[in-house]
Amino acid sequence: MKKVKMNKELRRIILERDDFTCRKCKKKDFNKILHIHHLDCDPFNNKENNLVTLCIKCHHFLHSMLWNSYKEKLRLNKLNCGIEVESC
């Protein structure tokens, strides 16, 4: 399947689909503070079902939680002889 490049048109499609509303906190905004987040953390997977609208606050919070989770997995891996981990 061909990869779809994230562009203004795709961004508009996702924002309209989500009614310009953050899918986490439900904040609605028609300005540019809404972000498009990749659910699988793969910036090249721009399929519509992998993209959601998040406000800037929720988007940053989500990535900080993912980062903290990743750091904890790394710490545990050192204790468990290095099981492979992935994160955004």
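A salt bridge is a side-chain nitrogen of Lys or Arg within 4 Å of a carboxyl oxygen of Asp or Glu. The legends below describe a predicted model, in which local features need pLDDT of at least 70 and side-chain atom pairs count only at pLDDT 80 or more, while totals for chains, interfaces and linings use all residues. Residues are numbered from 1 along each chain as its sequence is written, and side-chain values use heavy atoms, with hydrogens and water left out.

**Figure 1. Overview of the protein.** The protein has two helices and two strands, where helices (H or I, at least four residues) and strands (E, at least two) are DSSP runs numbered from the N terminus. From the N terminus on, these elements run α-β-β-α. Of the 88 residues, 27% are buried; buried means under 20% relative accessible area, exposed over 50%, and partly exposed in between, for a 1.4 Å probe and protein chains only. The accessible surface comes to about 6700 Å², and carbon and sulfur atoms hold 59% of this area, computed by the Shrake-Rupley method with a 1.4 Å probe, with only the protein chains shown counting as cover for residues.

Figure 2. Salt bridges link Glu9, Arg12 and Glu16 in a network. Between Arg12 and Glu9, the closest N and O atoms are 2.4 Å apart; between Arg12 and Glu16, the corresponding distance is 2.6 Å. Along helix H1, Arg12 and Glu9 are three residues apart, about one turn of the helix, and Arg12 and Glu16 are four residues apart, also about one turn. An α-helix has 3.6 residues a turn, so residues three or four places apart point the same way. Arg12 is partly exposed, with a relative accessible area of 34%, and Glu9 is partly exposed at 42%. A search of the whole structure finds five salt bridges.

**Figure 3. The buried face of helix H1.** Leu10, Ile14 and Leu15 are buried in H1. Seen down the helix axis, the buried residues of H1 fall within an arc of 135°, so they line one face of the helix; the arc is that of the directions from the helix axis to the C-beta atoms. These buried residues pack against E1 and strand E2 (51-55), where contact means heavy atoms within 4.5 Å.

**Figure 4. The region after helix H1.** H1 is followed by Asp19, whose phi is positive, near 55°. Asp19 forms a salt bridge with Lys28, the closest N and O atoms being 2.5 Å apart. Lys28 is partly exposed at 39% relative accessibility, and Asp19 is partly exposed at 41%. Phe20 lies in the loop between helix H1 (8-17) and strand E1 (34-38) and has a positive phi of about 50° although it is not a glycine. Lys26 is found in the loop between H1 and E1; it too is not a glycine, yet has a positive phi of about 70°.

**Figure 5. Cysteines without disulfides.** A disulfide is a covalent bond between the sulfur atoms of two cysteines. The search of the whole structure finds zero disulfides, a disulfide being counted as a pair of cysteine sulfur atoms within 2.5 Å. Cys25 is in no disulfide, and the nearest cysteine sulfur, that of Cys22, is 3.7 Å away. For Cys58, also in no disulfide, the nearest cysteine sulfur belongs to Cys55, 3.6 Å away. Cys25 is partly exposed, with a relative accessible area of 39%, whereas Cys58 is buried at 10%.
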